[in-house]
Amino acid sequence: MYSPILVQICSFTAMASAISSYFVRKKILFIIVQSLAILLLAFSNLFNLVYLPVCTYLIAFVRMIVYYSYEKKDKTVSFLIQTFFALLNVVAYFVLNAISGTLFNPIDLVVMVASVL
C-alpha cells in the first residue's frame, strides 16, 4: 500500500524517536525507544513499497533484542549468532532480488553491507 503521507509520518516520528533515545538514562528505555525507531523506519519503507530496508530493519530489530538478552545475562554473543544475522541480511538481499527479478542495485548493496557490518 503506497502512502506518501504515512511514509512522512512514520519517518519523522522514527527520527524523533531515534534522537530522543540518546536523552534517556536507562538502558531498557533506550532499547525500547530505539526499537520504536527501527519499527517505524520499517513501516516507512513498507508504505513506500521498498522491501529490502524493511527486511534489514526487522533483522536489526530481532538482532538488537537477542544482543540485549545476552548482555542482560552478562554473556557475549557467540560468533555463530553474529554470523547468522550477517548471513540473514545477505540471504534477504538475494531472495528479494530474485523475487523482484533485479540484481545488484547499488543502493540495495549499500543497505545490505551496512546492515551486515
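**The largest pocket and its surroundings**

Modeller: Helix H3 contributes the most to the lining of the largest pocket, namely 6 residues. Helices here are DSSP runs of H or I with at least four residues, strands are runs of E with at least two, and both are numbered from the N terminus. This is a predicted model, in which local features need pLDDT of at least 70 and side-chain atom pairs count only at pLDDT 80 or more, while totals for chains, interfaces and linings use all residues. Residues are numbered from 1 along each chain as its sequence is written, and side-chain values use heavy atoms, with hydrogens and water left out.

Biologist: How much space lies in the largest pocket?

Modeller: About 190 Å³. A pocket is an open set of points on a 1 Å grid over the protein atoms alone, where a 1.4 Å probe fits, with protein on both sides within 12 Å along at least five of seven lines; lining residues have an atom within 4 Å of a point.

Biologist: Which lining residues are the closest to its centre?

Modeller: Of the 14 lining residues, these are Ala60, Arg63, Ala114, Ser115 and Val116. The elements giving two or more residues to the lining are helix H3 (51-72), helix H4 (79-100) and helix H5 (106-116).

Biologist: How does the lining divide into nonpolar, polar and charged?

Modeller: There are 10 nonpolar, 3 polar and 1 charged residues. Ala, Val, Leu, Ile, Met, Phe, Trp, Tyr, Cys and Pro count as nonpolar, Asp, Glu, Lys and Arg as charged, and the others, Gly among them, as polar.

Biologist: A new topic, then: how many salt bridges does a search of the whole structure find?

Modeller: The search finds 1. Lysine 27 pairs with glutamate 71, and their closest N and O atoms are 3.5 Å apart. A salt bridge requires a side-chain nitrogen of Lys or Arg within 4 Å of a carboxyl oxygen of Asp or Glu. The pair links distant parts of the chain, 44 residues apart: lysine 27 is in helix H2 (residues 27-47) and glutamate 71 in helix H3.

Biologist: What is the relative accessible area of glutamate 71?

Modeller: The value for glutamate 71 is 42%, so this residue is partly exposed. Lysine 27, at 41%, is also partly exposed. Buried means under 20% relative accessible area, exposed over 50%, and partly exposed in between, with a 1.4 Å probe and protein chains only.

Conventions. Points joined across faces, edges and corners; volume = space filled by probe spheres on them.
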